[in-house]
Amino acid sequence: MTVPHVTLNNGVQIPQLGFGVFQVPPEETAQVVGTALEAGYRSIDTARAYGNEAGVGEAVRSAGIPREELFLTTKLWNTHHGYDAALQAFDRSLSDLGVDYLDLYLIHWPVPSADRYVETWTAFEKLASDGRVRAIGVSNFTEAHLQRLLDETGTVPVLNQVELHPNFPQAELRAFHARHGITTEAWSPLAQGGLLKERSLVALAEKYDKTPAQIILRWHLQIGNVVIPKSVTPERIRSNIDVFDFELADDDIATIDSLAGGERIGPDPETFAG
Ligand SMILES: NC(=O)c1ccc[n+]([C@@H]2O[C@H](COP(=O)([O-])OP(=O)(O)OC[C@H]3O[C@@H](n4cnc5c(N)ncnc54)[C@H](OP(=O)(O)O)[C@@H]3O)[C@@H](O)[C@H]2O)c1
């Protein structure tokens, strides 16, 4: 399975479809990620808060895939904001993953109430300039949080990983990203399974002889998102990456676009402090 790459604003390339491991139990993570690597995924998205970085590392070592063919992302948790704390958190994540560099490190949440994400970002700039991470980005940042980073630091995040699915497509934020060269990465791309019985998606699945999940993932890819679906189910893991042999017509993209207007499933970045 060949997954296309997206070129980030610093020239680094990320597979457009990766594998997310939120809520994958630590003791199952090595096996689940092993299944994903066998199915062809090369990008894995974990986080300090998921408690399963060690399992990701174990799977990577067992798979025997050259490190440079993999794209590993983890995230700094909310209690580790601040310059020194961020550097220490990075070291712990790297050690648990068992690798000597990271492809992408993200600030998991801005936590505006703590007002430290700009300081944290300067630690991220240091990690990048020291060559310990190939690209630095953010997650759950609103336009205002991004604007502050742009105004107060010298480095534009390579991407912003945000909740995004047909029901909550974040059109304005995506337009802001496009204006500033920030790639959009969609978390909960399948709305955690909540949209899979939606009538219009089921109809499109029949039309293309695909599953509703594959239709949604194809929508993400065609509107330019990087996408990181999660599953612990081998058959779903394999089918979620089997989305590169068909293309949705423009009017079918428009049908999916018309599902917009829903609410967030996850927390509000303005108030979430974890
Ligand atoms: N930055 C953040 O704050 C943040 C927040 C949330 C998530 N994320 C990242 O985004 C990734 C994906 O988001 P997510 O895990 O919340 O949700 P998701 O990928 O939208 O959905 C996962 C759910 O959908 C089910 N599913 C997956 N493929 C399916 C298929 N083909 N058919 C039917 N059901 C299917 C899974 O079930 P089974 O597992 O039981 O198969 C699971 O319950 C996470 O793993 C994580 O890496 C980031």
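Colleague: Where in the chain is the place of Ala191?
Modeller: Ala191 sits in the loop between β9 and α7. Helices and strands are DSSP runs, numbered from the N terminus; a helix is H or I with at least four residues, and a strand is E with at least two. Residues are numbered from 1 along each chain as its sequence is written. This is a predicted model, in which local features need pLDDT of at least 70 and side-chain atom pairs count only at pLDDT 80 or more, while totals for chains, interfaces and linings use all residues, and side-chain values use heavy atoms, leaving out hydrogens and water.

Colleague: Why is Ala191 called buried?
Modeller: Buried means under 20% relative accessible area, exposed means over 50%, and partly exposed is in between (1.4 Å probe, protein chains only). Ala191 has 9%, so the word is buried.

Colleague: What makes the phi of Ala191 worth a remark?
Modeller: Most residues other than glycine have a negative phi. Ala191 is not a glycine, yet its phi is positive, about 55°. Ser188 is also not a glycine and has a positive phi of about 45°. Ser188 lies in the loop between β9 (183-187) and α7 (199-208).

Colleague: Is Ser188 buried or exposed, and how do you know?
Modeller: The relative accessible area of Ser188 is 12%, so Ser188 is buried.

Colleague: Why is the pair Arg132 and Asp91 called a salt bridge?
Modeller: The term needs a side-chain nitrogen of Lys or Arg within 4 Å of a carboxyl oxygen of Asp or Glu. In the pair of Arg132 and Asp91, the closest N and O atoms are 2.9 Å apart, and the pair forms a salt bridge. The pair links distant parts of the chain, 41 residues apart: Arg132 is in the loop between α4 (117-129) and β7 (133-139), and Asp91 is in helix α3 (residues 83-97).

Colleague: Why do Arg132 and Asp91 count as partly exposed?
Modeller: Arg132 has 29% relative accessibility, so it is partly exposed. Asp91 has 37%, so Asp91 is partly exposed.

Colleague: How do you know that Asp242 and Lys210 meet in a salt bridge?
Modeller: The N to O distance between Asp242 and Lys210 is 3.9 Å, and their side chains meet in a salt bridge. These two residues are 32 apart and link distant parts of the chain, with Asp242 in the loop between α9 (234-240) and α10 (250-257) and Lys210 in the loop between α7 and α8 (212-222). Asp242 is partly exposed at 28%, whereas Lys210 is buried at 15%.

Colleague: What distance makes Asp245 and Lys210 a salt bridge?
Modeller: Their side chains meet at 3.0 Å, N to O. Asp245 lies in the loop between α9 and α10 and Lys210 in the loop between α7 and α8, so the pair ties together parts 35 residues apart in sequence. Asp245 has 53% relative accessibility, so the word for this residue is exposed.

Colleague: How many salt bridges does a search of the whole structure find?
Modeller: The search finds 13. Arg48, Glu53 and Asp96 are linked in a network of salt bridges.

Colleague: Which residues does His108 touch?
Modeller: A contact means heavy atoms within 4.5 Å. Leaving aside residues up to four places away in sequence, the residues that His108 touches include Ala47, Tyr50, Trp77 and Asn140. His108 is in the loop between β6 (102-107) and α4. Its relative accessibility is 7%, so His108 counts as buried.

Colleague: How many helices and strands are there in the protein?
Modeller: The protein has ten helices and ten strands. Its radius of gyration is 18 Å, close to the 19 Å of the globule rule for 274 residues, so the protein is as compact as a globular protein of that length. The radius is taken over C-alpha atoms, and the rule is 2.2 Å times the number of residues to the power 0.38.

Colleague: What part of the 274 residues is buried?
Modeller: Buried residues make up 54%. Gly40 is buried too, at 13% relative accessibility, and is found in the loop between α1 (26-39) and β4 (43-45). Gly40 and Pro229 are 189 residues apart along the chain, and their C-alpha atoms are separated by 14 Å.
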